[in-house]
Each structure stands twice: as structure tokens, then as C-alpha cells.
Amino acid sequence: MSKIQIKTTQNILLAFEPASIGERMGAFAIDFVLIMGYGYLVNAIMKLFYYSAISNPWEFFATYLVLMLPAVFYPLVAESLMQGQTVGKRIMKIRVLKIDGYQASFGDFFIRWLFTLVEVDLFMGSAALISIISSKYSQRLGDFAAGTAVITERNKMNISHTILEELSYTYQPLFTQAEVLLFSDQDAQTIKNYLALALKSKNGHLTIARLADKITEISKREHTFFTKKADFVQQFLKDYSFYTGK
């Protein structure tokens, strides 16, 4: 199995280990059990409360299908809200990641979800399995279409080695795009590296203060309303990732 070599815009070469078939099947099995459990619960509740009220079996079946829609959209919603993970993926410590090293977008997750309906549901998983086995980075067809891969987080190298920060899809930046783009990728990476070192140092507050002052000097964005200057620097890194990681 080949490692996924990603060269970031900061010219940092990262090597990610693709998730194994066993890890992916394990995650799928966990999610499948959750979905089946939800289906069983819906069916039990309907039989308990609605079966006598719905005399037509087709009406009962149609109602059941409507109530099962959350299970159908579960992978899409979970991966979108959990930054490329479902409950099963989180337990198995695997994650969906863009091949270019950036976080996948909702559109990427949507493409993967659409292909899942064909690869897994229509062909009983055989199409996905063949694609994963035969592809260089263990990608299924949905991954090829979305430009993603499923990587394992059990190795030490991960997204924290880049300028990227984990962001939710409801994230609201403080800095404007114009302020952020006054800095280069190399600037942002340098700030992140110094911040990481400062947080581990006894006298790190001096370095953090200089970083905050430098960011303010260039962006004109004041940091005085932050209780801790480290929070201001961290905010800048998140906003930089928000604007440049799209």
C-alpha cells in the first residue's frame, strides 16, 4: 500500500497512510449497526403507536421510509459535521482527507455520498471493494470523483503539521480576507511553529506577545480585547485556514 504524498503550498511534504480495508470495513460495520439499530427502533415505535392507526400496509411502509431518511443521510451529515468522520470512522481512527492536504468540503462529502448509493447499496459493496483493492491509495470510486482518500490517524503525521486548523462548517472568522492575505503561507507556518514552541516554553509568553504584535502590525487588527494573546494568534491561524483552505 503506497503512502499518500502531499506537498502543501508551504512546500512541506507530508506522508499519510491510507486506511486499510480492515479499518474501513470496521468503520462501516459500526455505522451499519447504528443505522440498523435506528431502523429497528423506528419500526418498534411505529408498531407500538401507529400500527393500529394505519390500516393500509403500504401507508405504514411509506411512513417507515420517510422516518428512515435520517439514516440514509447519516454518512453525509456525520462526515460534514465531524470533519470527515462518522461515528465508525472516529472509533476506527480514520478520516476522509483531500488528496491536496486540505479539509474536504461539503461538496466533496456529497459526491462521496452519492457514489455510496451506487457502490455500496446497488452493488452490495463489491464495486467499492474492487476499487479500494486495485487503487494506489485505497480509494473507492467516490473518492476518485471527490479527490479524497481515507487515511488512518494512527500514525504520527497528521494535519497539525500543516498550517491548517480543524474548523466546523459554521465557523465565523474574526479577520477579514484582505487582512489574512497580507500574510504568505510561509508566514502562517512560521507563526504556527513559533506558537507551538512558545506554548511549551516557560518564557513562551514573550514570544507569543511578539507574534501577536507582529500580526497586529501587519493586519492592523487589534488584539487588546483578547484575554490571552495566544488566543489571538490561534484565531489568526484559524482564520488563515478558513480563507486559504477553501
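This is a predicted model: local features need pLDDT of at least 70, side-chain atom pairs count only at pLDDT 80 or more; totals for chains, interfaces and linings use all residues.
Residues are numbered from 1 along each chain as its sequence is written, and side-chain values use heavy atoms, with hydrogens and water left out.

Two packed helices are described by the angle between their axes and the distance between the axes. For H3 (residues 69–81) and H5 (residues 106–122), the axes come within 9 Å and cross at roughly 150°. Here, axes are lines fitted to C-alpha atoms, for helices over the stretch in contact, and angles run from 0 to 180 degrees between N-to-C directions. On the H3 side, the contact (heavy atoms within 4.5 Å) is made by Val-72, Phe-73, Pro-75, Leu-76, Glu-79 and Ser-80. H5 brings Phe-106, Phe-109, Phe-110, Arg-112 and Trp-113 to it. Sorted by type, the residues of this H3–H5 contact come out as 8 nonpolar, 1 polar and 2 charged. In that sorting, Ala, Val, Leu, Ile, Met, Phe, Trp, Tyr, Cys and Pro are nonpolar, Asp, Glu, Lys and Arg are charged, and the others, Gly among them, are polar.

From H1, Asp-31, Leu-34, Ile-35 and Tyr-38 meet Pro-70, Ala-71 and Tyr-74 of H3. The residues of the H1–H3 contact split into 6 nonpolar, no polar and 1 charged.

The UniProt record, an unreviewed entry, marks residues 25–46 and 58–77 as "transmembrane region"; such annotations may be inferred rather than shown by experiment. In the model, residues 25–46 are 100% helix and 0% strand, with the end C-alpha atoms 31 Å apart. Residues 58–77 are 95% helix and 0% strand, and their end C-alpha atoms lie 29 Å apart.

Zooming out, the chain has 11 helices and 4 strands, which are DSSP runs numbered from the N terminus (H or I, at least four residues, for helices; E, at least two, for strands). Of its 246 residues, 43% count as buried, that is, under 20% relative accessible area with a 1.4 Å probe and protein chains only (exposed is over 50%, partly exposed in between). Among contacts between residues at least 6 apart in sequence, 68% join residues at least 24 apart.

Lys-93 sits in the loop between helix H4 (87–92) and strand E3 (94–98), and its phi is near 60°, a positive value in a residue other than glycine. At 45% relative accessibility, Lys-93 counts as partly exposed. Ser-138, in the loop between helix H6 (126–134) and helix H7 (141–146), has a positive phi too, near 55°, but counts as buried at 5% relative accessibility.
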